[in-house]
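Look at the chain as a set of parts, and then at how the parts meet. The text below goes from domains to helices to the ligand.

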Amino acid sequence: MGLALGLLYDRVRWEEKVLVAAARSRDIPLKILDAKNLILRVDADVEKSEETFGQVVLQRCVSHVRGLHLTAFLEADGIEVINPFRVSEACSNKFFTTLALEKAGVPTPRTSISFDGDSALRACNDLGFPVVLKPVIGSWGRLVTRLRDEESARDILGVWQQTNDSYSQIYYIQEMVKRPPRDIRAIVNGDRIIAAVYRNSSPGEWRTNVARGATTSPYSMTSEFEEIVHKAADAVGGGVLGVDVMESENGFLVNEINTTVEFRGASSATTVDIPGAILDYALTKLKK
Ligand SMILES: Nc1ncnc2c1ncn2[C@@H]1O[C@H](COP(=O)(O)OP(=O)(O)O)[C@@H](O)[C@H]1O
Ligand SMILES: [Mg+2]
């Protein structure tokens with residue numbers, strides 16, 4: 001059986017298309033698999049798993065939960081996943097990321113979690129308004145909400161309390177960082193930062209997600225920035241990552257780390273071949 005790379009997806013975004021194109025241009029045998037079609041037999045033998053998935057898998061599911069379970073399965077069969085389970089786990093949940101960053105001494109916004117609306121309201125007062133409320137698992141800025149004062153916090157926390165999903169009963173609350181209407185996304189590949197771009201929020205939108213219309217522009221990295229990004233990536237175990245950094249009044253703060261990083265916006269603001277670099281990184285694992 002020859003060497004092959006797996007690409008696991010659940011939705012074909014621009015990123016998955018350019019990754020496939022980059023693999024084809026490098027003549028890398030690619031096994032492209034839709035997670036939604038899989039039935040994973042835990043008693044399947046390892047050889048069979050390698051035949052289906054390849055020896056190294058790029059895990060690109062939009063659903064964090066799906067990606068995490070698939071990664072657990074693949075690693076149990078000895079297949080190397082980009083990114084590994086422990087890295088995906090640390091990044092999938094914003095609270096776990098915050099803990100990892102704090103532990104590693106990486107500057108990050110002041111944050112607390114509570115498990116009840118009343119405690120959450122006290123947490124907001126402790127941090128001092130305005131604050132930001134977020135789901136611990138989420139992306140594209142969905143449900144990332146500003147709580148400007150106690151009155152609006154009561155209203156919004158009251159709505160969250162009515163939701164039945166157990167994850168919504170985790171109130172992840174953060175100081176609202178004073179920053180320019182932009183942040184900086186660094187794309188990390190192992191021990192290299194392959195690209196870094198500003199994400200400038202669109203008019204009338206405070207969040208800097210490209211999915212919310214943010215535009216990107218080139219950013220020239222300083223050594224301070226590089227140091228903080230490497231430290232942040234190491235804090236969650238490294239790999240192919242999107243490290244998002246805010247420019248606060250007191251210096252850089254790492255907001256979050258994305259484990260199945262989107263790089264369409266970054267690609268349009270740099271000449272770096274990001275999918276090519278990710279594929280090259282995967283190849284080094286494949287040929288090990
Ligand atoms: N504490 C904060 N202070 C200021 N802006 C924030 C804060 N938290 C999030 N944001 C803004 O909201 C956006 C979305 O929040 P984020 O934590 O990255 O969640 P998501 O995973 O949905 O992208 C960020 O990119 C940033 O622009
Ligand atoms: Mg984000």
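In this predicted model, the C-alpha centres of domain 1 and domain 3 lie 24 Å apart. The domain assignment, automatic or from a database, gives domain 1 (5-90 + 280-286), domain 2 (111-175) and domain 3 (179-272). Residues are numbered from 1 along each chain as its sequence is written, and chains are lettered from A and ligands numbered from 1 in the order in which they are written. Local features need pLDDT of at least 70 and side-chain atom pairs count only at pLDDT 80 or more, while totals for chains, interfaces and linings use all residues.

Domain 1 brings 15 residues to its contact with domain 3, and domain 3 brings 12; contact means that C-beta atoms, placed from the backbone, lie within 7 Å. On the domain 1 side, α4 gives the most, with four residues. Helices here are DSSP runs (H or I, at least four residues), and strands are runs of E (at least two), numbered from the N terminus.

The axes of helix α3 (residues 64-76) and helix α4 (residues 85-92) come within 9 Å and cross at roughly 165°. Axes are lines fitted to C-alpha atoms over the stretch in contact, and angles between N-to-C directions run from 0 to 180 degrees. The two helices α3 and α4 are therefore roughly antiparallel, a term for angles over 145 degrees. Among the residues in contact are L68 of α3 and F85 of α4.

Around ligand 1 there are 20 residues, with G141, Q174, V177, R207 and T208 the closest; the cut-off is a C-beta atom, placed from the backbone, within 6 Å. Domain 2 and domain 3 each supply at least three residues of this shell.

Conventions
Parallel < 35°, antiparallel > 145°, perpendicular 65-115°, else oblique. Contact = placed C-beta atoms within 7 Å.
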